[in-house]
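Please keep the sequence and the model in view while reading.

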Protein chains: 2
Amino acid sequence: MRTFQTFIKESIPILDWLPNYKRTNLSGDLYAGLIVGIMLIPQGMAYAMLAGLDPIHGLYAATIPLVLYAFFGSSRQLAVGPVAMDSMLTAASIIILKPENPQMYLVYAITLAFLVGVIQFGLGILRFGFVVNFLSHPVINGFTSAAAVLIGLSQVPHLFGIEFAQSILIQEIIYNIGQQIINIHWITLFIGLIGISILFIGKKLTPTLPISLIVVALSIIIVQLFNLADNGVQVIGSIPSGLPTLSIPLFELNTWITMIPFALTIAFVGFAESYTIAKTVNRQHKDYKLNANQELIGLGMANFGASFFQGFPVTGGFSRTAVNNQSGAKTGLASLVSAALIIITLLYFTELFYHLPKTILAAVILVAVSSLIDTKTPLSLWKKDRMDFVMLISTFFITLTLGIQYGIILGMSLSLIAVIYSASRPHMATLGRVPGTNYFKNISRFPNLENRPDLLVLRIDGPIYFANLNYIKERIDKLMEEKGDALKTVVLNFESITSIDSSGAKELEEWIKALQYKQINTCITGAKGPVRDTLHKWGIVSCVGQNHVFNDDATAVDYFDHKIDANQLSEMQKYSLQQSKDD
Amino acid sequence: MRTFQTFIKESIPILDWLPNYKRTNLSGDLYAGLIVGIMLIPQGMAYAMLAGLDPIHGLYAATIPLVLYAFFGSSRQLAVGPVAMDSMLTAASIIILKPENPQMYLVYAITLAFLVGVIQFGLGILRFGFVVNFLSHPVINGFTSAAAVLIGLSQVPHLFGIEFAQSILIQEIIYNIGQQIINIHWITLFIGLIGISILFIGKKLTPTLPISLIVVALSIIIVQLFNLADNGVQVIGSIPSGLPTLSIPLFELNTWITMIPFALTIAFVGFAESYTIAKTVNRQHKDYKLNANQELIGLGMANFGASFFQGFPVTGGFSRTAVNNQSGAKTGLASLVSAALIIITLLYFTELFYHLPKTILAAVILVAVSSLIDTKTPLSLWKKDRMDFVMLISTFFITLTLGIQYGIILGMSLSLIAVIYSASRPHMATLGRVPGTNYFKNISRFPNLENRPDLLVLRIDGPIYFANLNYIKERIDKLMEEKGDALKTVVLNFESITSIDSSGAKELEEWIKALQYKQINTCITGAKGPVRDTLHKWGIVSCVGQNHVFNDDATAVDYFDHKIDANQLSEMQKYSLQQSKDD
């Protein structure tokens with residue numbers, strides 16, 4: 001039994017690791033925290049821009065949320081903060097609401113963070129973390145690639161120095177780019193492309209070096225030196241210094257209703273991605289356990305933090321978490337160090353960024369999301385699992401063309417429909433004896449098996465339930481027709497039937513009665529425990545006959561061949577009729 | 001190969017049976033057709049009233065639709081025409097559209113019949129009959145009982161001689177009855193109750209006697225004799241004589257959108273019920289085959305007929321089909337006879353029904369639907385299948401309180417979610433050897449099995465796919481934790497795994513690698529063909545090792561116990577690695 005103390009330690013993980021903090025971890029935590037903090041400065045500003053907000057809010061979102069996650073999250077290496085996907089979804093959500101001014105835009109952003117927090121925190125408290133299991137890899141993969149394409153395209157205006165109305169549908173974005181492409185500002189594009197090149201090379205050379213901060217610094221110096229801002233290169237401009245003041249989300253039903261699909265997508269995808277990287281990293285650390293529900297609570301708290309301190313939706317970032325781990329982070333202290341670095345920047349260094357060109361922030365985003373576009377997985381699925389390939393591609397195109405808020409929901413629905421569909425057409429095999437043995441195998445897979453005209457041994461691989469009854473019945477009828485009048489014995493091999501529902505039980509009884517009516521020996525073999533219980537409960541054991549329920553096909557066939565009689569059936573037969581007592 | 005001739009005969013079944021008509025069938029067809037026709041007169045008028053239409057339209061719906069079904073339907077005993085459920089759904093649908101006058105009401109009714117026809121005919125042509133498989137018995141049962149309750153309550157005004165606004169929600173209907181209950185017209189109620197009593201008794205005594213026509217005739221005589229119409233008993237009044245003229249459905253998008261949920265429900269439920277009775281009857285007739293898609297086409301044509309000749313949605317009726325079959329119907333000729341009888345009535349006898357009291361038609365409906373309320377099935381499900389019980393009860397209450405148009409759709413969704421949910425938590429069993437044998441069975445079901453601390457034999461009953469990966473992993477971890485450091489060998493029994501998707505394959509590989517990393521012998525046993533193919537395709541066979549894939553648990557355990565070595569593995573082992581060539 002869990003004591004109250006364990007309960008508290010599990011609910012607020014910092015109470016577990018901070019009191020037992022080991023000196024030996026300090027240098028790793030400090031170094032990792034600083035590196036991640038340095039990465040966060042340009043990334044935070046870039047993602048704020050992607051979300052359609054002033055860059056300062058990206059820094060705000062990298063303060064309190066990190067502290068709250070360090071208290072409540074169960075991972076000790078996860079680096080929480082603004083990420084590309086959530087920022088893109090934030091922009092997509094707010095475009096629809098058409099805010100009248102930047103103040104309103106910000107209010108919508110913090111409201112969205114609040115809703116994401118409510119969903120994640122609520123799911124965590126209610127122990128509903130399992131619903132995230134219903135997001136399959138192909139759906140996440142298709143969605144992520146599509147979102148990366150949309151994010152990349154959304155940066156084209158900043159990179160090219162052009163301007164157009166925002167959109168979330170690829171067909172509209174491409175049309176808008178086409179309209180404005182002649183207005184390219186070449187200096188801006190040149191700076192951006194140089195930035196992209198350096199970032200790509202730097203990333204390949206040293207993954208833990210804060211190359212983006214170097215590119216940012218260089219670009220500020222160059223823009224200031226050559227006075228490029230006066231030549232039409234868009235820069236960040238003045239950033240207010242100081243810590244974020246308290247902000248209050250909007251409590252307005254219509255706004256909430258519009259935001260719900262986005263909030264759900266951010267909550268689910270944000271958690272799924274964050275949990276995936278946290279799990280990967282956790283494999284290298286045996287000193288703590290990751291807990292899905294606690295992760296939801298930690299991320300929910302971080303989003304509340306973003307909501308009440310002028311941020312926007314946050315989650316665990318892929319690249320920063322990897323860097324954090326590689327740089328030696330051992331506890332949540334690393335995150336506290338990162339937050340502290342951002343707070344110092346906010347207090348003393350904001351004016352340094354005045355001349356930062358927006359095209360460089362676009363370059364930071366483009367390099368970050370380029371790795372999210374995955375072409376290997378669809379190719380591999382095309383070869384190995386055609387159905388999952390279809391799921392991936394459908395999700396990809398739905399996300400691109402119908403809107404990012406429908407990608408996950410429709411993708412998930414599609415993959416669940418596919419599950420249902422395949423369960424409605426279970427694999428079935430006609431078995432034959434491997435000569436000289438007691439093994440029965442699929443006659444269409446192995447040559448030289450016994451295939452007697454008077455015997456049909458049929459294996460059904462899956463549940464018997466309402467949606468597949470007609471399919472199974474038609475298969476049985478067809479097989480029996482092929483055998484014709486010679487057929488004397490039907491063995492229903494139940495070893496890979498996983499469950500039988502009430503419709504299935506009733507139908508099964510009719511099938512058996514129809515066979516018996518035709519004077520065909522009918523028996524059931526190899527039923528597993530839960531299926532045996534169902535057969536007893538619905539009276540199917542009595543219908544087929546107690547002495548017609550066998551452990552295996554060989555015994556059944558020998559019995560009907562009169563090679564053994566009821567008295568000779570081995571001691572083993574009792575296992576074929578066993579029923580659970582508690583039912 | 002099918003010839004063009006077979007194709008035509010399958011598409012228009014009458015071309016198959018009429019040219020080969022046997023004289024011996026004639027008397028049965030004539031008698032059955034007449035009996036069903038006589039039943040149709042009061043039932044048609046009653047169901048038209050239930051649908052909110054003038055009684056004459058019930059007779060119209062019993063003419064052309066029957067002829068069209070006789071041409072295109074594949075059942076030879078099914079008696080098509082107006083039925084209670086479809087009529088109730090028709091009324092429910094049109095209430096929402098608030099027609100301004102009776103002409104508009106009729107236009108809506110024929111439009112609904114047209115939409116039902118389009119859906120059924122379309123599904124049949126596209127060979128989509130299988131979607132009806134997704135309607136489970138508990139959902140149909142819950143829906144039917146609820147609809148019967150709603151139909152019964154909708155007859156209260158006619159039975160009691162009161163009047164109030166129609167509604168489709170039980171809470172509103174009961175409220176409305178409560179408001180008007182003091183205005184009961186006692187003579188009306190008395191006539192109705194007498195009618196109900198005679199109908200019940202007559203039905204029990206002689207199922208094929210047209211007792212309802214007798215009750216109708218008696219009531220007409222009594223009402224006329226005592227001049228009860230002047231004393232406030234509501235009567236049918238004058239019915240125009242002659243055949244229906246051509247009617248054209250409304251082509252208006254908004255109307256269609258409102259009607260779609262109802263049209264889908266009528267199309268699905270109408271087909272499901274009709275097909276069920278057709279299947280039951282077909283078991284007694286070996287001279288023809290029932291075809292689900294052809295049935296959809298036949299019913300679709302019948303509904304087109306209803307739409308273009310002033311009818312309303314029709315389908316195969318339960319009681320009339322039973323009577324038709326019991327009275328000796330052998331071909332669709334019986335239906336043609338019934339239709340002819342109705343046509344004669346329309347031409348010459350409509351004025352006979354002037355004094356027919358509405359309360360008697362209400363009595364006919366009440367007696368017809370009373371048998372649809374099923375209390376046995378829920379009780380039996382409560383004992384035997386709790387999940388299906390929940391589905392039935394949920395569908396029942398959704399239908400009563402949220403509206404009949406949502407009952408089927410929500411019930412169907414619920415039951416599909418339940419399928420997904422149960423597949424996300426597959427049954428798993430730890431196996432132990434039955435001492436002295438090569439059988440491995442579930443140790444929690446059988447006492448005295450071997451349960452070694454160094455060995456974990458685990459069977460997973462179900463697919464391995466995205467939605468159950470975490471569940472399975474947690475169970476494996478827990479079982480391994482219980483075994484502790486003593487654990488040396490893990491046998492993954494795959495004999496009841498039905499499929500593995502791409503997410504499952506990747507995860508499985510990780511589980512195996514984690515076990516191997518801990519230096520635990522890991523092997524797979526009993527994988528079925530399609531699962532073997534997947535294991536090969538995703539490289540899991542190479543990961544676990546070719547010599548660690550066994551046919552059965554006993555061989556695997558003996559191998560790791562060094563009782564047999566690789567050279568001694570029997571010839572059978574080749575079966576455990578076989579892969580299908582066409583993949």
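B:Asp16 has a relative accessible area of 29% and is therefore partly exposed, a class that lies between buried (under 20% relative accessible area) and exposed (over 50%), computed with a 1.4 Å probe on protein chains only. Its salt-bridge partner is B:Arg76, with the closest N and O atoms 3.7 Å apart; a salt bridge here is a side-chain nitrogen of Lys or Arg within 4 Å of a carboxyl oxygen of Asp or Glu. Because B:Asp16 lies in helix H2 (residues 14-17) of chain B and B:Arg76 in the loop between helix H5 (64-72) and strand S1 (80-81) of chain B, the pair ties together parts that are 60 residues apart in sequence. Helices (H or I, at least four residues) and strands (E, at least two) are DSSP runs, numbered from the N terminus. B:Arg76 counts as buried, at 13% relative accessibility.

This is a predicted model, in which local features need pLDDT of at least 70, side-chain atom pairs count only at pLDDT 80 or more, and totals for chains, interfaces and linings use all residues. Side-chain values use heavy atoms, without hydrogens and water, residues are numbered from 1 along each chain as its sequence is written, and chains are lettered from A and ligands numbered from 1 in the order in which they are written.

A second pair, B:Lys513 and B:Glu509, forms a salt bridge with its closest N and O atoms 3.5 Å apart. Both residues lie in helix H22 (residues 502-517) of chain B, four residues apart, about one turn of the helix. Salt bridges that share partners also join A:Asp16, A:Arg76 and A:Asp287 into one network.

Which residue of chain A meets the side chain of B:Lys289 in a salt bridge? The partner is A:Glu481, at 3.7 Å from N to O. B:Lys289 lies in the loop between helix H13 (253-282) and helix H14 (292-308) of chain B and A:Glu481 in helix H21 (residues 469-483) of chain A, so this pair joins two chains. B:Lys289 and A:Glu481 are both exposed.

Chain B is superposed on chain A by a rotation of 180° with 0.0 Å of shift along its axis (RMSD 0.1 Å), by least squares on the C-alpha atoms of residues with pLDDT of at least 70 in both copies. That is the relation of a two-fold axis.

The largest nonpolar core has 254 residues, and among its members B:Ile404 is one of those that touch the most others. Such a core consists of buried Ala, Val, Leu, Ile, Met, Phe, Trp, Tyr and Cys residues joined through side-chain atoms within 4.5 Å.
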